[in-house]
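Dear colleague,

I am passing on the structure below, together with some notes on what was found in it. Please have the model open while you read.

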Amino acid sequence: MLREDAFRCFGRTPNSGNLALVCHGEHAQGLGVAQRQAHARSLSAPACVFVDPGVDPDEAATLDYYYPHARSALCLHASLAAAAWLRQRDGQLPTALRTAGGQRLRLEEADGAILFHLQAQPVAAAAPTLAWLAGALACPAEAIVSPPALASAGSPKLLVELDSAARLRQLTPDLARIASWGKEAGVNGCYAYVRLADGLYQGRNFNHLDPALEDAATGVAAAALSLYLRRSLTLHQGDGLGNHCELSAVYDGAGVSVGGRCYAVDGGAA
């Protein structure tokens, strides 16, 4: 039987957070990639993660991530949901997980938040031109205040800094154009962000084809931004969606730890 458990991830309160569905059970484990993709598409959640048996003895599970339109190499908010579900199942937080692509994820818990320890990954793609970006984001070129950058902690992101929070809030990008470029370049969407204060940033993630599925929190983007800026940061996301999320990224010079809180959809802490 295929079972799904829903979690809100990176929420500032138990009633906020980016939704992820944890798919588990023998039937879920027996599905192939195409079947999993079709199932994720039918659910229309921002992300689904299929929980398979771990490869190494100390790895509690292998995680396979799906958006409605595509499979993903790494989705941290879905990883957060899977970790919370595994803690419920096993009575303790796992110390390590593995992605279906082979990336090992180390975990710990601090002050009620689940943290993932990640290393920078190479990105082979080149950033698009400023003119292309302005067209894709439907904003003036002068609103992009630093050169676009690519960074990855397992899922490459195109990072674009804008001139104001108002500009960020008003963006209505060409999602199909961004998705098409990302598919060709091997980049998992565009993350637009602004600097609010020292160490505090706000962002929006453009990855889904449906505007209604815009992420309220994007852990891989927080990791990529911290690695690119080479600093620790707090990232707010989802405010314009009425879904207030907060992500913490701690940069240690060699890697980054990204984390946040996770709540079961019934409102209980997970």
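Glutamate 161 and arginine 195 are joined by a salt bridge, in which the closest N and O atoms lie 3.9 Å apart. This pair links distant parts of the chain, since glutamate 161 belongs to strand β10 (residues 157-161) and arginine 195 to strand β11 (residues 190-197), 34 residues apart. A salt bridge here is a side-chain nitrogen of Lys or Arg within 4 Å of a carboxyl oxygen of Asp or Glu, and strands are DSSP runs of E with at least two residues, numbered from the N terminus.

Please keep in mind that this is a predicted model, in which local features need pLDDT of at least 70 and side-chain atom pairs count only at pLDDT 80 or more, whereas totals for chains, interfaces and linings use all residues. Residues are numbered from 1 along each chain as its sequence is written, and side-chain values use heavy atoms, with hydrogens and water left out.

As for accessibility, buried means under 20% relative accessible area, exposed over 50%, and partly exposed in between, with a 1.4 Å probe and protein chains only. Glutamate 161, at 12%, therefore counts as buried, while arginine 195, at 45%, is partly exposed.

By the salt-bridge rule the count comes to 14. One of them joins the side chains of arginine 98 and aspartate 56, at 3.3 Å from N to O; arginine 98 sits in strand β6 (residues 96-99) and aspartate 56 in the loop between β3 (48-52) and β4 (62-66), 42 residues apart. Arginine 98 is buried because its relative accessible area is 17%, whereas aspartate 56, at 31%, is partly exposed.

Another salt bridge connects aspartate 90 with arginine 89, whose closest N and O atoms are 2.7 Å apart. Aspartate 90 has 39% relative accessibility and so counts as partly exposed, and arginine 89, at 46%, is partly exposed as well.

Turning to the strands, which part of the structure encloses strand β8 (residues 113-119)? 6 of the 7 residues of β8 are buried, so this strand is largely enclosed by the rest of the structure. Strand β7 (residues 104-110) runs antiparallel to β8 and is joined to it by 5 bridges, where two strands pair if DSSP finds at least two bridges between them. Within this pairing, arginine 106 stands opposite histidine 117 of β8. The two strands form a hairpin with 2 residues between them, and aspartate 111 in the turn has a positive phi of about 55°. Strand β8 is also joined by 6 bridges to strand β15 (residues 255-260), again antiparallel, with valine 256 of β15 as the bridge partner of leucine 118.

With best regards

Technical notes
Helix = DSSP H or I, 4+ residues; strand = E, 2+ residues; numbered from the N terminus.
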